[in-house]
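Please walk through the structure below, one feature at a time.

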Amino acid sequence: MDQIIQVAVLGIGLGGVFALMGSGLSLVFGVMRIVNLAHPSLIIGGAYIAYWGFKLYGIDPLIMLPVCAVILAVTGILFYKAFFERDAKSATYSEMTVLLTFAIAMIVEGALGAAFSNTQRVTSPVYATDAFFIGDVFIPKGQLYAGIVSIMIIGLLAAFLKYSRLGYAIRATTQNREAAALLGVNVNMVGLMSFAIGIGLAGAAGALTSFVFSFFPAKHWEWVAILMSLVVMGGMGSILGTVIAAFSLSIVAAFVGTWIGSTWSTMTFFLALFLVLLFRPQGLFGEKPELV
Amino acid sequence: MSDTMQETSAVLEARKAYNETLRIKADQSRATWFPITLMILLMALPLLQFTGNYNYMLHMVLLTASYVAMASSWNILGGFAGYISLGHNVFFCIGGYFAGMLVARYGWSGIALAPLAGLVAALFGYAIGLITLRVRGPSFIISSIALVMIARLLFDHWKFVGGANGVTLPPTELSVQWAKLPYYYAMLFIAAFTVWCSYKIKHSKFGLGLRAISKDEIKAEAAGIDTRFYKVTAFALSAFFVGMTGAVWGEYLTYIRPSIFLVILIAAYMVLMCILGGKGTIAGPVIGAILLTAFNEFFVATMGASELNILGTGVIMAVCLMFFPHGIVGTLARKGKLPKILNWD
């Protein structure tokens with residue numbers, strides 16, 4: 001019994017981080033219909049900022065988190081202006097942008113690799129290797145803090161989407177771009193803002209990632225597939241679905257890792273992706289099968 | 001009644017005549033002699049070995065030919081049917097491992113096994129296509145990336161095929177001077193065969209159906225095209241040639257390991273070559289493969305870092321997508337400035 005609780009706790013901790021990683025991706029897809037394959041590479045960019053902040057100035061990654069978020073949000077705005085503002089009406093826009101984000105992912109990976117080499121790195125604040133014990137259940141502090149912060153950020157995001165005016169506009173644009181534009185929503189501005197917020201969330205996730213996982217520039221390909229499995233399973237564009245998928249799959253992955261072998265835990269995500277495609281291509285909360 | 005019959009036959013007659021003029025016009029603007037001459041020149045290239053050591057040149061042609069085969073093969077699904085796969089190197093891997101294991105265990109010839117390896121890859125392609133082609137657009141692209149990750153995970157931990165360390169294959173017994181020749185001719189033949197097949201496919205009813213799917217799948221379905229069968233067959237076909245290439249490539253390198261086949265850069269090259277040259281054209285992937293291999297070699301020789309190489313590939317891809325989405329051949333053809341020797345369609 002203790003072991004089951006133990007594994008579930010570890011799964012929930014990781015689930016929080018994956019939920020944060022996936023929610024930015026889901027937001028961007030919902031508003032812009034862009035499948036941002038560059039998202040995980042930008043998360044790694046955020047992780048590097050947190051890493052160097054800790055290494056050079058001893059700043060705690062949790063304090064670096066807003067800095068990472070802001071820097072990445074600005075990067076997001078620049079990328080949006082440079083790559084995605086053009087011909088959003090084109091019929092093949094969503095396919096073209098997937099390839100474009102694929103190219104951006106390679107650019108970011110190549111730039112990070114050239115600058116920092118492909119060695120594995122991890123930020124090591126004191127709590128990263130420390131743990132609490134409740135009875136026999138062992139809770140690593142790093143994952144616990146990362147999970148709590150992720151859930152707080154997702155809560156803030158949800159409140160922002162629910163109560164702020166920009167949040168209304170974002171939700172309206174997600175539901176129906178043309179109708180929102182007709183009702184006076186500046187959809188281009190909303191696209192830009194949601195892109196900035198989404199990439200900013202990638203930066204925040206990067207800061208947390210930097211002490212939860214070890215990372216190197218080429219690692220993002222593995223995360224691409226993991227995050228995409230969350231977004232597809234959640235129903236593309238549904239943040240709630242992404243968060244639920246993140247928690248449930250991470251817990252399953254934790255059990256697979258314990259009982260079958262740690263190399264196979266990531267397989268859970270990939271197989272889940274295929275099963276969802278096979279049986280419910282629109283995902284758990286997806287509403288628009290024609291876009292899937 | 002007979003009036004309408006007559007009118008219909010008159011219309012059919014007129015259409016036939018029109019098609020005939022189109023055909024003659026296309027034939028006049030086609031320079032079939034160019035690819036044939038190119039092929040003969042490349043076939044004669046190894047004669048240089050009598051005068052000195054040109055192994056590097058042979059290697060470059062071989063490498064380019066392998067990319068020509070893979071890009072043209074990718075083009076069948078990605079260019080004609082419009083389904084962009086970022087996981088086609090999985091079939092490269094399946095072909096390479098299938099032939100490579102038989103070479104390593106039983107000492108068979110990888111070149112002779114290539115068609116069989118292609119068939120195995122095509123079978124896998126068919127089975128995978130049945131699942132992943134249920135979705136289109138972004139979801140399909142995502143599923144193809146997941147496919148690479150699954151294959152990488154499996155091959156990295158599958159003890160039978162050597163795991164991440166792979167398997168060493170017996171080296172060829174030929175002298176250094178002639179060691180590359182069998183692979184050179186095999187790869188050249190596969191490349192030419194792939195290009196020829198993609199031409200034949202484009203000009204068949206099957207190819208027409210694929211192009212209808214890429215324009216508007218729902219309308220194609222409504223027009224009576226069995227879109228599911230067409231898509232899955234296109235997937236299997238495009239896996240076939242990639243699998244053949246993999247079989248020869250593995251034996252040529254004399255070792256097979258997941259990090260040769262299952263790196264995302266190879267999948268990216270297939271896509272990029274087609275986009276650079278022109279998706280959906282016959283000459284496009286060939287030109288893209290030649291340009292990109294040359295660029296790559298130049299880049300590695302002058303800068304030396306594979307990270308910068310990834311960066312450069314990404315930049316070329318982004319520029320291509322944003323400014324020439326139709327690629328070199330496509331853009332020139334649209335402007336009516338396509339030189340005759342590149343008009344292979």
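**A helix pair, an interface and some local details**

In this predicted model, the axes of α12(B) and α14(B) come within 10 Å and cross at roughly 35°. Two packed helices are described by the angle between their axes and the distance between the axes. The crossing of α12(B) and α14(B) is left-handed. On the α12(B) side, the residues that meet α14(B) are B:L265, B:A268, B:L272, B:I275 and B:L276. Their partners in α14(B) are B:I310, B:T313, B:I316, B:M317, B:C320 and B:L321. By class, this contact between α12(B) and α14(B) consists of 10 nonpolar residues and one polar residue, with no charged ones.

The next topic is the contact between the chains. Here 34 residues of chain B are in contact with 36 residues of chain A. On the chain B side, two or more residues come from each of α5 (110-132), α6 (138-157), α12 (264-277) and α14 (306-323) of chain B. The side of chain B that touches chain A has 25 nonpolar residues, along with seven polar and two charged.

One residue of helix α6 of chain B can be followed in detail, namely B:P138. B:P138 has 25 other C-beta atoms within 10 Å; the cut-off for a buried residue is 20 or more, so B:P138 counts as buried. Within its own chain, B:P138 and B:Y83 are 55 residues apart along the sequence, and their C-alpha atoms are separated by 9.5 Å.

Helix α2 (residues 33-44) of chain B gives a simple check of geometry. At 1.5 Å a residue, its 12 residues should span 16 Å, and the end C-alpha atoms are 16 Å apart, which agrees. The number of buried residues in α2(B) is zero, so this helix lies largely in the open.

Two loop residues have a backbone feature to inspect. A:S117 is not a glycine, yet has a positive phi of about 65°. A:S117 is found in the loop between α4 (93-116) and β1 of chain A, and is exposed, with 12 other C-beta atoms within 10 Å. B:T254, likewise not a glycine, has a positive phi of about 65°. B:T254 is found in the loop between α10 (227-253) and β2 (255-256) of chain B. With 15 other C-beta atoms within 10 Å, B:T254 is partly exposed.

Last comes the confidence of the prediction. Chain A averages a pLDDT of 86, and 96% of its residues score at least 70. Among the elements of chain A, the highest mean pLDDT, 92, belongs to helix α2 (residues 39-57), and the lowest, 77, to strand β1 (residues 131-134).

Note on methods:
Residues are numbered from 1 along each chain as its sequence is written. Chains are lettered from A and ligands numbered from 1 in the order in which they are written. This is a predicted model: local features need pLDDT of at least 70, side-chain atom pairs count only at pLDDT 80 or more; totals for chains, interfaces and linings use all residues. pLDDT is the predictor's confidence in each residue, from 0 to 100. Helices (H or I, at least four residues) and strands (E, at least two) are DSSP runs, numbered from the N terminus. Two residues are in contact if their C-beta atoms, placed from the backbone, lie within 7 Å. Ala, Val, Leu, Ile, Met, Phe, Trp, Tyr, Cys and Pro count as nonpolar, Asp, Glu, Lys and Arg as charged, and the others, Gly among them, as polar. Axes are lines fitted to C-alpha atoms, for helices over the stretch in contact, and angles run from 0 to 180 degrees between N-to-C directions. A crossing is left-handed if the near helix is turned anticlockwise from the far one by less than a right angle, and right-handed if clockwise. The expected span of a helix is 1.5 Å times one less than its number of residues.
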